[in-house]
Amino acid sequence: MSFATIIGILGGIGLFVGAILLSTDNFLMFLDAPSFIMVIGGTFAATFVSYEPRYVLLALKLIGRLVFAPKVARNILTAEVGRIIKWGYTVQKNGIPALEAESKKAARADRFIGFGMDMVISGYTGQEVREILHNTIETTFVRNTIQAKILKDIAATCPAFGMIGTLIGLIIMLDGMGGDPKELGAGLAVALLTTLYGVLFARMIFLPAANKIQQREEIVRFRNYLVAEGLCLLADRKSPRYIQDRMNSFLDPAIHYNLDKMMKNK
């Protein structure tokens with residue numbers, strides 16, 4: 001679980017609700033179905049017009065997955081270096097064909113690594129593996145960040161429909177002027193609540209979700225570049241120590257893989 005995400009969500013909602021409860025006893029005045037329908041309904045209607053439904057639904061599903069921990073953490077990057085070095089020793093001892101068993105095992109857990117290892121075993125040069133994997137990484141990144149772009153557009157659309165609701169509320173209010181003053185309140189409530197809902201949903205849900213999805217995909221892309229470099233070095237039959245130093249050059253020095261230290265601990 002991503003506890004930081006869960007705490008952030010609960011903290012944001014809790015502070016907002018708490019501030020309302022401290023300010024007034026009549027907190028129900030902040031709940032208004034027509035304003036909610038106008039903002040959320042209008043936003044989703046515009047989004048489904050702008051994008052294919054499949055991608056919109058995928059984007060909405062991703063919001064729920066944000067409460068789970070990311071696939072790639074700092075310690076995983078170090079572990080990837082260790083894994084490639086281990087394969088480097090296998091190649092050094094028994095040649096590249098010895099990687100076939102590892103390839104099948106890795107492909108079941110990670111298709112990207114399986115694809116790269118298949119190319120190494122097939123006899124591609126390091127440069128050829130690099131070109132193909134870099135293309136794979138970039139096209140995958142573009143494909144996976146479409147959902148983040150859709151959520152950013154939803155976040156930008158919410159306040160716009162909030163403003164539309166404000167205009168509708170003002171029209172209702174002005175239409176009631178000269179009559180019963182109590183009727184002015186309904187129009188004014190719609191005018192203000194739609195703006196509130198628009199900003200609230202955009203800034204508390206859709207924009208943070210889009211930013212987190214984008215960041216997680218950037219981390220996965222970085223990890224894939226790291227692994228791709230290791231596979232290229234395997235294809236070029238570089239020594240495990242060279243693989244260590246080359247892959248460590250991608251990482252923060254604090255999480256460098258230390259081959260000597262690992263050998264001592266065995």
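Helix α2 passes helix α3 in a right-handed crossing, a crossing being right-handed if the near helix is turned clockwise from the far one by less than a right angle, and left-handed if anticlockwise. The model is a predicted one, in which local features need pLDDT of at least 70 and side-chain atom pairs count only at pLDDT 80 or more, whereas totals for chains, interfaces and linings use all residues. Residues are numbered from 1 along each chain as its sequence is written, and side-chain values use heavy atoms, with hydrogens and water left out.

The axes of α2 (residues 33–50) and α3 (residues 53–65) come within 8 Å and cross at roughly 130°; helices here are DSSP runs (H or I, at least four residues) numbered from the N terminus, and axes are lines fitted to C-alpha atoms over the stretch in contact, with angles from 0 to 180 degrees between N-to-C directions. The two helices are therefore oblique to each other, the term for angles that are not under 35 degrees (roughly parallel), over 145 (roughly antiparallel) or 65 to 115 (roughly perpendicular). In this pairing, Phe44, Thr47 and Phe48 of α2 meet Pro53, Val56, Leu57 and Leu60 of α3, where contact means heavy atoms within 4.5 Å. By class, the contact of α2 with α3 has six nonpolar residues, one polar and no charged.

The axes of α2 and α8 (residues 146–175) likewise come within 8 Å and cross at roughly 130°, which makes α2 oblique to α8. This crossing of α2 and α8 is right-handed. Residues of α2 that meet α8 include Met38, Val39, Gly42 and Phe44, and their partners in α8 include Ile150, Ile154, Phe161 and Gly165. The residues of this contact divide into nine nonpolar, six polar and no charged.

Buried means under 20% relative accessible area, exposed over 50%, and partly exposed in between, with a 1.4 Å probe and protein chains only. Leaving aside neighbours within four places in sequence, Leu234 is in contact with residues including Ile84, Trp87, Val120 and Ile243.

Arg237 lies in the loop between α9 (182–235) and α10 (240–248). Arg237 is exposed, with a relative accessible area of 54%, and its phi is near 55°, a positive value in a residue other than glycine.

Definitions and conventions
Ala, Val, Leu, Ile, Met, Phe, Trp, Tyr, Cys and Pro count as nonpolar, Asp, Glu, Lys and Arg as charged, and the others, Gly among them, as polar.
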